Amino acid sequence: MSRADTTLIDAARRGEPGAIAQLLSVCQPDLKRFARRTCSNAEDAEDAVQIALWQLYRKIGALRTAATFATWLFRIVERECWRLLRGRGRTESLDAPETAPMQTAAAPIPHDLRLDLARAMERLSPPYREVLILRDVHELTAPETAVQLGISVEAVKSRLHRARATLREHLLASGYWANDDMPQEPRDVL
């Protein structure tokens, strides 16, 4: 959201005419890119962006500082993507092909493991889940993740370590691996 400068955000927070419309148009492309990477399909991504823009329109005045703007908006999209995914229940397969498959060489992950991993990720507290998704799913670097979340690189590394350890414990308890042949990082199953 580099194009959404603090002057524009502050003007929208104060309710200045035209500022909110300009802010909505500036934010939409970044939100769409993030939603396409976060949601399970293009339709959910569009829905998540629309909800985020609606929340921005309705609640921008309640935002305390412009510095928290990007984090606030991306969290709305992320929560909406997770809500839409959970709303489908078990009726929709996670193995459905994307519109443009990017990787075909990787072995498919068993459906039960994917569901259990998704449930374990949902149980993580938001700070850990956010770091895990940004680093292991979206493959951002630690510095990029730190900027995205407004935290230090050290905090990113600490949270990522804790999130991976928690997922590993959950998957071990579920019987997916024996201790002697466990992969080095749970990232191998993502």
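1. The crossing of helix 6 and helix 7 is right-handed, the near helix being turned clockwise from the far one by less than a right angle. The contact involves E130, V131, L134 and R135 from helix 6, together with A142, T145, Q148 and L149 from helix 7; contact here means heavy atoms within 4.5 Å.

2. The model is predicted: local features need pLDDT of at least 70, side-chain atom pairs count only at pLDDT 80 or more, and totals for chains, interfaces and linings use all residues. Residues are numbered from 1 along each chain as its sequence is written, and side-chain values use heavy atoms, with hydrogens and water left out.

3. Helix 6 (residues 126–137) and helix 7 (residues 142–149) pack with their axes 10 Å apart, at an angle of about 135 degrees. Helix 6 and helix 7 are therefore oblique to each other.

4. One disulfide is found in a search of the whole structure, a disulfide being a pair of cysteine sulfur atoms within 2.5 Å. The partners are C39 and C81, with sulfur atoms 1.8 Å apart. The torsion about their S-S bond is about -70 degrees, so the disulfide is left-handed. C39 lies in the loop between helix 2 (19–38) and helix 3 (42–59), whereas C81 belongs to helix 4 (residues 69–87), so the pair ties together parts 42 residues apart in sequence.

5. C39 is buried at 8% relative accessibility, and C81 is buried at 4%; buried means under 20% relative accessible area, with a 1.4 Å probe and protein chains only. C27 also counts as buried, at 0% relative accessibility.

Notes:
Helix = DSSP H or I, 4+ residues; strand = E, 2+ residues; numbered from the N terminus. Buried < 20%, exposed > 50% of the residue type's maximum accessible area, 1.4 Å probe, protein only. Axes fitted to C-alpha atoms, helices over the stretch in contact; angles between N-to-C directions. Parallel < 35°, antiparallel > 145°, perpendicular 65-115°, else oblique.
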